[in-house]
Amino acid sequence: MSGFHLPEGVIYLDGNSLGALPAGVPGRLADVVEREWGEGLIRSWNDARWMELPARIADRIAPLVGVRGEDVHVGESTSVSLFKTMVAAARLRPDRTVLVVEPGTFPTDGYIAAGVADLLGLELRWCDPADPTAALGDDVALLSLTHVDFRSGAMFDLPTITAAAHAAGALMQWDLCHSAGAVPVDLTAADADFAVGCTYKYLNGGPGSPAYTWINPRIQGQVRNPITGWIGHSAPFAMARDFDAAPGMRGWATGTPPVLALSALEAALEAFDGVSVADLRTRSLELTDLFIAQLDERVTGIEIVTPREHARRGSQVSFRHPQAYGIVQALIARGVIGDFRDPDIARFGFAPLYLTTDDVRAAVDHLVAVLENEEHLDPAYAERNAVT
Ligand SMILES: Cc1ncc(COP(=O)(O)O)c(C=O)c1O
């Protein structure tokens with residue numbers, strides 16, 4: 001716990017949405033702002049090695065998802081990263097006309113797929129979440145799935161689905177927003193093609209911190225970055241007229257690196273130093289198992305929608321209740337921070353780096369009290385906030 005700043009009296013069960021503040025971030029940001037920027041000014045691009053930030057961060061994220069740092073680009077948002085990889089994937093399968101996504105996926109994944117389909121004259125096909133591979137066929141260019149579902153916390157079988165996509169001649173992309181930092185992922189062993197993920201959830205990079213993109217080295221030489229900005233050029237400061245992509249993932253860059261955000265992220269990732277992904281998973285399952293057991297034992301009138309099998313569970317637990325919004329708000333009033341997803345889901349994330357089993361038990365004590373005292377029926381919770 002000492003590695004994170006958490007307010008006194010708060011049990012933070014929303015690290016699957018916005019990770020907590022790692023203790024090293026404020027000092028690092030102050031130093032970057034005051035010394036590197038304030039004193040160093042433009043000299044810091046060289047002296048503070050600002051240009052190397054994305055590659056240094058890639059080296060830190062890579063082991064969390066089973067890949068090499070040199071095969072990862074850090075920059076832009078998840079949404080923009082999805083756009084780039086989806087366009088690249090479609091161009092790699094010019095004889096195929098379909099992009100497949102799952103209807104319950106995080107909205108941006110579906111919206112971006114629809115936009116790419118529109119741009120390139122492709123068909124967008126929605127698959128059955130119970131069996132995404134049933135939508136595969138010899139017309140499918142790309143199957144793009146979110147590994148862990150943002151509502152239910154259900155996890156797809158990444159290696160098996162990847163193999164099925166390949167068997168059908170399609171490319172496979174994984175959105176790892178709800179996986180990296182909490183759930184083991186081995187993209188190399190699965191031989192997936194593309195992966196993207198945000199860094200502000202279990203990686204604790206801070207609100208809106210930049211996303212990462214992985215492209216299998218097997219296909220890097222064949223794909224083209226569709227947003228050809230100057231930082232992806234082989235020699236940005238040659239200021240040449242024509243675009244010439246930098247080799248490998250350096251060519252996947254687009255614009256100037258967001259130095260403040262990247263600096264916070266780099267400092268945040270130090271929280272993973274010396275921590276194995278296997279240990280994170282063990283702790284995560286211990287926390288979610290305990291939460292589920294406590295709910296089963298002590299709370300009635302809810303329906304747990306998160307799978308009970310470990311192999312199908314990410315690092316969150318969600319339940320359905322007609323007054324889920326009121327329950328979440330009443331818990332927040334008591335210092336237990338989870339969140340709500342439309343229409344009736346209360347969602348609780350268990351970040352294995354900073355939560356304990358005592359936190360889990362105390363959170364359920366509060367939930368029991370909220371329901372007993374009917375705090376969730378408070379008319380103040382009839383109106384929903386803009387961010388739920
Ligand atoms: C699965 C998934 N993809 C994408 C995003 C967000 O994308 P962006 O970082 O572009 O806002 C989220 C945000 O919660 C998410 O859960």
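## Two helices side by side

Let's start with a helix pair: the axes of helix H10 (residues 277-298) and helix H12 (residues 357-372) cross at roughly 25 degrees and come within 9 Å. Axes here are lines fitted to C-alpha atoms, for helices over the stretch in contact, with angles running from 0 to 180 degrees between N-to-C directions. That makes H10 roughly parallel to H12, a label for angles under 35 degrees. The crossing of H10 and H12 is right-handed, meaning that the near helix is turned clockwise from the far one by less than a right angle.

## What you're looking at

This is a predicted model, where local features need pLDDT of at least 70, side-chain atom pairs count only at pLDDT 80 or more, and totals for chains, interfaces and linings use all residues. Residues are numbered from 1 along each chain as its sequence is written, and side-chain values use heavy atoms, leaving out hydrogens and water.

## Around the ligand

Which residues surround the ligand? They are Ser77, Thr78, Ser79, Phe106, Thr108, Asp109, Thr146, Asp175, Cys177, His178, Tyr200 and Lys201 (a residue is near if one of its heavy atoms lies within 4 Å). Sorted by class, that shell has 6 polar, 3 nonpolar and 3 charged residues.

On its own the ligand has 400 Å² of accessible area (Shrake-Rupley method, 1.4 Å probe), and the protein covers 84% of that. Helix H4 (78-92) and helix H5 (107-120) are the elements giving two or more residues to the shell; helices are DSSP runs (H or I) of at least four residues, numbered from the N terminus.

How values were computed: Ala, Val, Leu, Ile, Met, Phe, Trp, Tyr, Cys and Pro count as nonpolar, Asp, Glu, Lys and Arg as charged, and the others, Gly among them, as polar. Angles under 35 degrees count as roughly parallel, over 145 as roughly antiparallel, 65 to 115 as roughly perpendicular and the rest as oblique.
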